[in-house]
Every structure is written in C-alpha cells, then in structure tokens.
Amino acid sequence: MPTFDHLIFIGRFEPFHHGHEFVVREALKHTDHVILLIGSANSPRTIKNPFNFDERQAMILKAFSDEISRKITCLPIDDTLYNDHKWLQNTRQAVASVTQAGDRIGVIGHQKDDSSYYLSLFPDWEFIALPSFEGLSATPLRQRYFGQGVIDERMPQSSQAFLADFISTPAYANLQAEYRHILAYQKAWEDAPYPPVFVTADMLVVQSGHILLVERGGDYGRGLWAMAGGFLDKDETLHECGLRELAEETSLHLDKSSFKHSHTFDAPDRSARGRTVTTVFYHELQGSSLPDVVGADDATQAFWLPLNKLDGKKMFEDHYSIITKMLGI
C-alpha cells in the first residue's frame, strides 16, 4: 500500500532534467499520485524562466511512460515575490483542487540551500528529504544552452527534443541576445575591488484605477512593461532620481505633493544583471482625466494601464510582485 495519497514536488523545472526525474521516480515509490507544482507560471520569457507552463508540462509528462504519466498532475503556481502568504494560499488552493479532505499529503525534494526554505512552510505535510542527484542544477544547463547552444545530455529525451526545436525560434534568439548582453554588462564590472551593488529608484504612479507603465527598449527586458525608473546619480536623493527618471521616460513631471509612501526591495536575485536594490515611490494622482504621457529615453512607449489588466507574463523583473505588494492587490 502507498504511504501517501499524494506527494508534492515543487520547482520551476527550467528545464526538466534527470535530477527532477529522479525525484519523481522516488516519489512514486511512496504514492500513486505525484503533484508537480510548476513555479513562475506568470513569468515572461527570461534567461531564468525561459519556458512557459505548457512547455514545461510537456517536457515532464513525455519523459515518462503513459502508465507513469497518468500518475502525475502538473499545476501552475504564480510568483508572488515579497508575499509568502499569498504564495502559500495559491499553493494550498492548487493542491486542494486535486485532493480530498483527509488525504495523506507529503512534500518531497532536495533542500538545496536557503532558496529551498519554502519546503518548511507546510508543517501539516510530512517532508521526504532526498539527496542531490549528482549535484545537478538547471542553472548551468541554461547557461550552456543560451551561451553556446549546447543541449546537455543530463536531461530526458523529451527535454532534449524540445530544446532542439526551441533553438530555431525567434524566442531563443531574443533570449540568447539578452544573455550575451548580461554577460557583457557583468564583465564591465569584473575588475571592481568589491562585487558591485547597484542602486535604483522606481515610480509607482496610480490615478483613477490606472497605473503608469513604460515599455522597455534596449537590450535587457526589451518589450516588457515596467515602472519608470533607473539608476541613482551621485548628486541626487532616491526620490529625486525617481522623479527625474519618470520625467525622462514618460514626460510626466511630478512634485512630491502626491507622494504616499515608499518601500525598498532588495531580493538578492531580483535582477539578472547583478545585485540591484531599488526603492519604489508610490504617488497617487487626482483628477477626472489621465495626464498625457509620451515614451522617451529608455522607454519605447509610456501608457496608462487599468489595474485589472496587469499581467505578470508581460512585466519586467519583479515589478509585478512589487506593484501587487505595494497596492495590496
């Protein structure tokens, strides 16, 4: 008899490799139903999250026989950086959709480092700890794939076949160009006496249920939506930096009278370019009509978006999580 009714395996699977496959096969020794919670399901294509939910689900299910794949359920989980409570709510709701009250549920996985802290957030679900499978990690697999076009053999054939097809798509070309831009950006700082920490300011501007966003130009995050913002100059305060960047990127000039509050966001991996700490300044405007805005400088366009149309799949870096955190939505 199986020990558990369901075992949960949480990950991003970017891409699905033999280490992930090992965990699934180990889980099936204890249960007849494995639930894979696939994270970053609301992320745009980036070097860190290059594949969408459907693509990852296909890699996973095709890695196993039909008999085994029928025992696997894949569910999407959105990123809610800076809000563990929301992530836990989403996770439990997803699990509840495929389980019943009274089922014995467990979590299985490898506690790699501090980034695996989420494995301890389910005290009512027993945790099965597994060793690392040959030290395998998805990060170097992605680096070789986008850096040299190498498809690593330490993945199931389903993943290798998908990557072989994906490499000829415009999406791959865009991601490879972005990866090379990131490497060049980091190389410019490699001789610094200390690892650089970049300081930025961003402007969260809202009026009448709309948020002011820009579409990014340049080589990093091109086409994604973002708050107006940028790097701190040596002769300005953070708020002055945000106001200047807002004017440069949207042609909207504000003073501090509409300022509500600010918050600093310093997740170590929030930017692929390097350690970047940002302070976000929330301004709420009044009026019956939205001010005219025009994209300029680093922005190809500026626009007012109804808050109900915010879409994490279109947002730059962690801006979606910042906005929802600061606005409580």
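Trainee: In which strand is Thr-278 found?

Mentor: This is a predicted model, where local features need pLDDT of at least 70, side-chain atom pairs count only at pLDDT 80 or more, and totals for chains, interfaces and linings use all residues. Residues are numbered from 1 along each chain as its sequence is written, and side-chain values use heavy atoms, with hydrogens and water left out. Strands are DSSP runs of E, at least two residues, and helices are runs of H or I, at least four, numbered from the N terminus. Residues 276-285 form the strand that holds Thr-278, strand 11.

Trainee: Is Thr-278 buried or exposed?

Mentor: Buried means under 20% relative accessible area, exposed over 50%, partly exposed in between, with a 1.4 Å probe and protein chains only. Thr-278 has 0% relative accessibility, so it counts as buried.

Trainee: Which side chain does that of Thr-278 join in a polar contact of 2.7 Å?

Mentor: A polar contact is a pair of N or O atoms within 3.5 Å; within protein, one must be able to donate a hydrogen and the other to accept it, and residues adjacent in sequence count only if both atoms are side-chain atoms. At 2.7 Å, the partner of the Thr-278 side chain is that of Asp-202.

Trainee: What share of the 329 residues in the chain is buried?

Mentor: The chain has nine helices and twelve strands. Its C-alpha atoms fill a box of roughly 70 × 45 × 35 Å along the principal axes. Of the 329 residues, the buried share is 48%.
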